[in-house]
4 protein chains.
Amino acid sequence: MDIGFIGLGNMGIPMVRNLLVAGNQVHVFDMSDKAISEAVEYGAVATSSISELAKKVDVIVSMLPTPAIVKEVMVSPEGVIPNAREGTLVIDCSTSDPKTAVQLEALAVTRGLNLIDAPVSGGVPGAKAGTLTFMVGGTEAGFLAAKPVLTAMGQNVVHCGPPGSGQAAKLCNNLLLGVSTIAVSESMCLGVRLGLDPSVLANIINSSSGRCWVSEVYNPYPGVVSGSPASNDFLGGFACDLMIKDLSLALDAAHGVHQPLPMTAASKQFFQIMSHQGNGAKDITAIVRMFQQ
Amino acid sequence: MDIGFIGLGNMGIPMVRNLLVAGNQVHVFDMSDKAISEAVEYGAVATSSISELAKKVDVIVSMLPTPAIVKEVMVSPEGVIPNAREGTLVIDCSTSDPKTAVQLEALAVTRGLNLIDAPVSGGVPGAKAGTLTFMVGGTEAGFLAAKPVLTAMGQNVVHCGPPGSGQAAKLCNNLLLGVSTIAVSESMCLGVRLGLDPSVLANIINSSSGRCWVSEVYNPYPGVVSGSPASNDFLGGFACDLMIKDLSLALDAAHGVHQPLPMTAASKQFFQIMSHQGNGAKDITAIVRMFQQ
Amino acid sequence: MDIGFIGLGNMGIPMVRNLLVAGNQVHVFDMSDKAISEAVEYGAVATSSISELAKKVDVIVSMLPTPAIVKEVMVSPEGVIPNAREGTLVIDCSTSDPKTAVQLEALAVTRGLNLIDAPVSGGVPGAKAGTLTFMVGGTEAGFLAAKPVLTAMGQNVVHCGPPGSGQAAKLCNNLLLGVSTIAVSESMCLGVRLGLDPSVLANIINSSSGRCWVSEVYNPYPGVVSGSPASNDFLGGFACDLMIKDLSLALDAAHGVHQPLPMTAASKQFFQIMSHQGNGAKDITAIVRMFQQ
Amino acid sequence: MDIGFIGLGNMGIPMVRNLLVAGNQVHVFDMSDKAISEAVEYGAVATSSISELAKKVDVIVSMLPTPAIVKEVMVSPEGVIPNAREGTLVIDCSTSDPKTAVQLEALAVTRGLNLIDAPVSGGVPGAKAGTLTFMVGGTEAGFLAAKPVLTAMGQNVVHCGPPGSGQAAKLCNNLLLGVSTIAVSESMCLGVRLGLDPSVLANIINSSSGRCWVSEVYNPYPGVVSGSPASNDFLGGFACDLMIKDLSLALDAAHGVHQPLPMTAASKQFFQIMSHQGNGAKDITAIVRMFQQ
């Protein structure tokens, strides 16, 4: 298949590689020539503009850092929606917000395109291993058309509902991740200060009603999960500043529908304090230092 | 074995039944004659005072509602510690606080007793089914001696560390349960208000980084987990007022060791508001109503 | 002087009346014909569009409900900035956000206009009595030119700094108002529940280090300040939903500069819960009901 | 008058001096001989035990650091209540909790004593200048008898209600002080980051609805109020760890009466984080550093 791919960051590059491995021809674009060169080394075809790319392919995948950039890439006169061929399937894998996703889909329809939102979970390791989860919002037809493309990059492709639902599900999941990270940090630090061994405590929690993905897989207490960011000086993983972005998107979406989210709001503030103290690029589990002796 | 059992509430009665089923002779005491009569119906032997009970047996199990009552039952002149025979094993299954547990154990030692703290997780259903988890704090010898007794009432008996460790582990677990319950409520209500189907959303979360025991087993959104309190008008389950008690014990323990616990503190306040609005006897998942349209 | 006035809501109408009382000719516009008729009754001159109004006067005052409406009124082709005469002084009294104010001022300069942001404090009673405080952001020249106009509507006209500073100061003040309202509610309810007379407690606070504008002038405990919304079933005053708007603007501005605001964020959530429970139109002091027995 | 004074700390010493200046004979006791010597230098009479002191005087003033120490000093066999002469007036100026105050008063009555709670506001500077505020809980007779004694040490002596009311009022005031300190810190830091001059912003707030004692007298932003701890590297003033103590007492009292106090609870946690980062001895306004660029 001929696939266009826009956005060659830490996530985009390994996603392109997996599309290539699956036997596709991949035409790529990014603002950075260096990123394009890297993708070309792996076998991708360079393009010099989004409009050139859009005119060449039947499927376009985008992986962009902010909703504002997504909007620009999609709607500017030189962008995807004005230039794509009728019938093109556009798969936006960026984490954006449900409202933007709904608006872009409606606009795409007016030009005969099928646009779905398909944000991912799994991070850079998942992108490399091809084990990402895609949360898809869009029409049934769009979901079915996108499935083989997404399966080349991930393990788990879930249809969440109509346009915007993928973004909504992503935000709902990530706010839980944010709150849990702080709550597990509190729990572990209290236990250790009360004399418990951190690994013993983690085991007890993980077989009890307090267990969660963070306590099991991503425990913020250093040394509890080997290979985790917490056991590696909080390098790699999910940067605090990205979590602030996701929590902000969740709070904005909540504001728009008058939904109270008090624990989410509090979590954002603690990550903001952490970032403010110079640790915005560290993994989210470094929040444990705010509570650790 | 001859076992004494003090405290025949909603938890105590089924625990006594399981001890009887395992073939033990169980001598019981409670402030309520009615509770004693019920236990006697199941085959227990009534006693008329704690001191009488304490003089008759080699193992005493207690299951009491507050640290203050635990202290009174243990240390008053007519209580367990002054009246138990030398060498008696005392297993306190009440949820108390680590400091009290440490103090009682030290006092017990002076009288030649072996006292362990062994608070439980699993609630009334776990007590009935004999599937409780016991978190044990105490000496290795105490743990080994208690294990066969506890195994008759539960599935999972974990040695957490020295005296007080069982209470510490219980509090660390339950604060996570409290925070998660509110966080999952926020996430589910946001998702539904953004147009997601609650069961679809729960499935996505449960295969992603936001998953936790609450989202999987005890989802607060009505209808998502059949048979849960949330699907049964928030009846049964874990009462809000008991969660307030556990969060308060965790916060008090944290205060004593200068440990910040901001999300835990916030959670306690939301449950306090729920209780204040007349819902203190409802299951903790009824907090979802504070966020649900 | 010939003054144009756009936005004839609960605040706008009495502000227009005070401009008329001071001897000005006031040309008015609003989306509502009814509002225009009311202003005309008081002596104002109706106009049929913003562009018509803009072409007639040398000073334009606007008082609009949201930043989005401010932007539209100012920048749309039929709006203020494209149609005003060179040299016009534009005074935007709306509560908006610092970034929007900065952008509008920069745009106004390109057309030879002088635009200042001058949000108000004092509410409808202050607007009626002509005792508003204006927090002015803009050039020194703009401030001096606006002062006589603003003095006709208020008592206190403060130059806060360059464009946007008026909005910044307003948000900084109002977040304190929001937090104080909840904090005083907590304090008063605790005191009463501990047996104190609410008026005695308010007096003590008001002569101690806990005193604030809310405890003195706007005490949320019913009956403490006669004539306050709290003593009048929480009618009138400052609507909860408007406070949510102001706190959101403050949090958005903070997000843009990476400023943590944890107590502000928490306050917004409590007002959101209050609104969610059906009380968004009530005065902010009705939050006391969340804490009152 | 012959007055006994127990507790010669930073507050006690200057209070004794003011009692001496007013012409009283003051008999003093403290655990520290050094503190007694200091008081003797100023003209006080040393005693060697609380019981000796209690037998000598008709009025006893105490100024002690924690409720636990207050209880011990009052009720131990060698303490005030068992040893004071019938008719003695006991004035406890310590910050304690309402429940303890009620219990001690009831016990004092059984021995024919009149005990009142009279915690202070004003800190060390107020103690030195004799300008303290005393919040008195107790009988009308006790209040009237204590008034001349308290007037020698303070400016403002308020009868708050029955026994315990003084403590209740103190806690209600101080929780507001705690919340305000953080809220003003947020407001000032946001304003400065948005480009406002801190003194200009403080002036605007102080003439608007956000004003409070903290913004006016004790502004946490360095340089705004000259002579304040914030303008003196956060030295002197009201130590963070003492605020944690007062907020804890307020939260405990609230817990006892099922009163939600969410902003108070959040404030305590932020001060706990500040203390945890090594700044527990700094003035409370040093919390501003958590938010300042």
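Where in chain C does His258(C) lie? His258(C) sits in the loop between α12 and α13 of chain C, and its phi is near 60°, a positive value in a residue other than glycine. In chain D, His258(D) is found in the loop between α12 and α13, and this residue, although not a glycine, has a positive phi of about 60°. Helices (H or I, at least four residues) and strands (E, at least two) are DSSP runs, numbered from the N terminus.

The model is predicted, and local features need pLDDT of at least 70, side-chain atom pairs count only at pLDDT 80 or more, while totals for chains, interfaces and linings use all residues. Residues are numbered from 1 along each chain as its sequence is written, chains are lettered from A and ligands numbered from 1 in the order in which they are written, and side-chain values use heavy atoms, with hydrogens and water left out.

**Two interfaces**

The table sets out the buried area, which is the accessible area (1.4 Å probe) that two parts lose on being put together, summed over both.

| Chains | Buried area | Share on carbon and sulfur atoms |
|---|---|---|
| chain D and chain C | about 4,900 Å² | 68% |
| chain A and chain D | about 690 Å² | 61% |

Between chain D and chain C, 57 residues of chain D are in contact (heavy atoms within 4.5 Å) with 57 residues of chain C. This interface holds two salt bridges, a salt bridge being a side-chain nitrogen of Lys or Arg within 4 Å of a carboxyl oxygen of Asp or Glu. The side chains of Glu216(C) and Arg211(D) meet in a salt bridge with an N to O distance of 3.1 Å. The rule also finds 22 residue pairs in polar contact across the interface of chain D and chain C, both residues at pLDDT 80 or more; a polar contact is a pair of N or O atoms within 3.5 Å, where within protein one must be able to donate a hydrogen and the other to accept it, and residues adjacent in sequence count only if both atoms are side-chain atoms. On the side of chain D that touches chain C, α9(D) gives the largest share, 19 residues, and the residues of that side divide into 37 nonpolar, 16 polar and four charged. Here Ala, Val, Leu, Ile, Met, Phe, Trp, Tyr, Cys and Pro count as nonpolar, Asp, Glu, Lys and Arg as charged, and the others, Gly among them, as polar.

Between chain A and chain D, nine residues of chain A are in contact with nine residues of chain D. Ile273(A), His276(A) and Met290(A) supply 61% of the area that chain A buries against chain D, more than any other three residues.

**A link within chain C**

Over all chains the count comes to 16 salt bridges. Asp233(C) forms one with Arg289(C), the closest N and O atoms being 3.2 Å apart. Because Asp233(C) lies in the loop between α11 (213-217) and α12 (240-256) of chain C and Arg289(C) in the segment after α13 of chain C, the pair ties together parts that are 56 residues apart in sequence.
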